[in-house]
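This report describes the fold, selected residues and surface of a single protein chain. The structure under discussion is shown here.

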Amino acid sequence: MSKPSGAIDMTRGKPINLMLRFALPMMIGSIFQSLYSMVDSAVLGRFVGSHALAAIGATTSTTGLILLLATGVTSAISIVLSQYVGANDTDRVRKASSLRVDHPFARRCSGSHQRFRRAALMQLLKTPEDVIDMSVLYIQIVCGCGIAQFAYNAAASILRALGDSKTPLYFLILCSILNVILDLISVIGLNMGVAGVAVATVGSQAISAVICILVMFRKYPNLMPKRHTLRPDMPVSLKIFGMGAQMALQSLFLSVGMMVITRVINGYGSNVVAAFTVGSNVQNLA
């Protein structure tokens, strides 16, 4: 199987050198992901106020729960896909990557905002009354359009499974730049407040996802699904979902732990929530 340009053949060479070359772009990408959240917080805190900052801070554990469950599945497919790439099994590479397209799990996570009500989780987390409406609005937009993040993570995971960790980094940088531009336009120019930050987030993710998918198929046309690879393959599906269930369960426990902390912090009021949000952004960067 031919490799796309920029990909590393992880089956040839010294393992430590391969891992360092592969991991460095991912480490840089983690920094940009942290900066991504910091920009949202900085724009809201400076141009809207501490209440808006507290509103998105109060949603971190909730949005994390929904999106981590979805990305657990993409991570599982990435692991299985990399095994098929290493085995030079082109047919199963297509079948594994085809499972990502408009995946039902992604649609369920994206549609979860329709079942989200103020009286449920946000009140259980003791979200301060002066920010709860903004928090609910933010969750409805971000999780309602969560398919954009799922699509980007799917394409990025495929490329990493092929040994290409640089291309996802380029599109993460693009997504970060777009997010800054859209933040400034929606919050300062259009005065949309928390909703503007949410729209900027999903908008930048959607644009990056579309371009990343197009580039992925251009660089590696063998990934293009064929008619016979779109039919369910039970062994491939069971392998992916068996691994995905374990990763999703791990994400669930992490999110529940964060929700417990969020409930405690929310009990001190919106000013403390805003301060905790800023501190968490710096901690994530470190």
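Does Cys212 count as buried or exposed? Cys212 counts as buried, because its relative accessibility is 0%; buried means under 20% relative accessible area, exposed over 50% and partly exposed in between, with a 1.4 Å probe and protein chains only.

The model is predicted: local features need pLDDT of at least 70, side-chain atom pairs count only at pLDDT 80 or more, and totals for chains, interfaces and linings use all residues. Residues are numbered from 1 along each chain as its sequence is written, and side-chain values use heavy atoms, with hydrogens and water left out.

**Overall fold**

The chain comprises 12 helices and 0 strands; helices (H or I, at least four residues) and strands (E, at least two) are DSSP runs, numbered from the N terminus. Of the 286 residues in the chain, 46% are buried. Among contacts (heavy atoms within 4.5 Å) between residues at least 6 apart in sequence, 79% join residues at least 24 apart.

**Selected residues**

| Residue | Relative accessible area |
|---|---|
| Ser204 | 0% |
| Ser61 | 3% |
| Cys175 | 7% |
| Phe253 | 59% |

Ser204 is placed in helix 10 (residues 194-219) and is buried. A polar atom of the Ser204 side chain lies 3.0 Å from the backbone oxygen of Ala200. Not counting residues up to four places away in sequence, Ser204 touches Tyr36, Cys175, Leu178, Asn179 and Leu182. Of these, Cys175 is itself buried. The whole structure contains 0 disulfides (pairs of cysteine sulfur atoms within 2.5 Å).

Ser61 belongs to helix 3 (residues 60-86) and is likewise buried. Its side chain is joined to that of Thr262 by a polar contact of 3.3 Å. A polar contact is a pair of N or O atoms within 3.5 Å; within protein, one must be able to donate a hydrogen and the other to accept it, and residues adjacent in sequence count only if both atoms are side-chain atoms. With residues up to four places away in sequence not counted, Ser61 touches Leu125, Met258, Met259 and Thr262.

**Surface**

The chain exposes about 14100 Å², of which carbon and sulfur atoms supply 66%; areas come from the Shrake-Rupley method with a 1.4 Å probe, and for residues only the protein chains shown count as cover. Phe253, in helix 11, is one of the patch residues and is exposed. The patch has about 760 Å² of accessible area together. Patches are made of residues with over 30% relative accessible area and no salt bridge, like charges being joined within 9 Å and nonpolar side chains (Val, Leu, Ile, Met, Phe, Trp, Tyr) within 5 Å; a salt bridge is a side-chain nitrogen of Lys or Arg within 4 Å of a carboxyl oxygen of Asp or Glu.
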